[in-house]
Amino acid sequence: MAHHLALLLLLLASPAATRLASAACGSEKFPAGRAYASCEDLPKLGASIHWTYDASKTSLSVAFVAAPAAAGGWVAWGLNPTGEGMAGTQALVALAGSGSAAPTVRTYNITGYVPLGKASTPLDFPATDLAADAAGSGGKIRVYGKLQLRKGMKAVNQVWQVGASSTGGAPDKHAFQADNLSAKSKLVLAGKAAAAEAPSPASPAPEAGGPSASGAGSDSGAASSMSPSKSPNAAVPAAGVSAPALLVLALVGFLVTV
């Protein structure tokens, strides 16, 4: 009995159990027609990512949820398939609307550290179903989209950001605090358990004013210094067994032997 009790307590104290108990993303209520197979409370900026990956169509449906740094600000989320830096990030950005107006969604293919403009630029991953609302709790904005990914992708760097203001319909530079610089992780798309890996330590902040975006596109901007990176800490239960299953098995074993 003592052995089983010790095992149960060990499992309940494990990182996987802690993540399960503290996860808040599952309580998010989306509009009718928007449901997602997975979600993750991201480790910085009070954000969460919700997604469904269709491997047969290589399509990724996402909902990113975060509060702007101030009223009238913006939120952004993107994927970087080319590396761990900001350059190459394919970003979805939602700028807060004025009054009761819905947030404006734009896309940016970020190529460098210069300010973004008002116009969207086309992404390397064709984006559809773009929308946003301000119905999230705590002043949060929810930005939606579907990205057509490349075949064979199983994991990709992701980065997110929030800003306090926009000027002329373009996002202004965000803050360069530790949480802003650490807002990055790896999104695991395929496997026995899909999850977002925890970020590695923040990289030095760039000195330039913000990112630039290449190309031109229609409006449907975004974050500067959004640089995802690899991490050895993955929120994926070992041996293909989920954290809830481990907890249940341990509890059953304990009760049977009492």
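R34 and D129 form a salt bridge, with 3.3 Å between the closest N and O atoms; the term denotes a side-chain nitrogen of Lys or Arg within 4 Å of a carboxyl oxygen of Asp or Glu. R34 sits in the loop between α2 (15–22) and β1, and D129 in strand β7 (residues 127–133), 95 residues apart. Helices (H or I, at least four residues) and strands (E, at least two) are DSSP runs, numbered from the N terminus. D129 is partly exposed at 43% relative accessibility. Buried means under 20% relative accessible area, exposed over 50%, and partly exposed in between (1.4 Å probe, protein chains only).

This is a predicted model in which local features need pLDDT of at least 70 and side-chain atom pairs count only at pLDDT 80 or more, while totals for chains, interfaces and linings use all residues. Residues are numbered from 1 along each chain as its sequence is written, and side-chain values use heavy atoms, with hydrogens and water left out.

K44 and D179 also form a salt bridge, at 3.7 Å from N to O. K44 is in the loop between β1 and β2 and D179 in helix α3 (residues 178–181), so the pair ties together parts 135 residues apart in sequence.

## Salt-bridge network

The whole structure has four salt bridges. R142 pairs with D133 at 2.8 Å between the closest N and O atoms, and both residues are buried. A network of salt bridges links E28, D133 and R142.

## Positive phi

L45, not a glycine, has a positive phi of about 65°. T58 has a positive phi near 50° and is buried at 10% relative accessibility.
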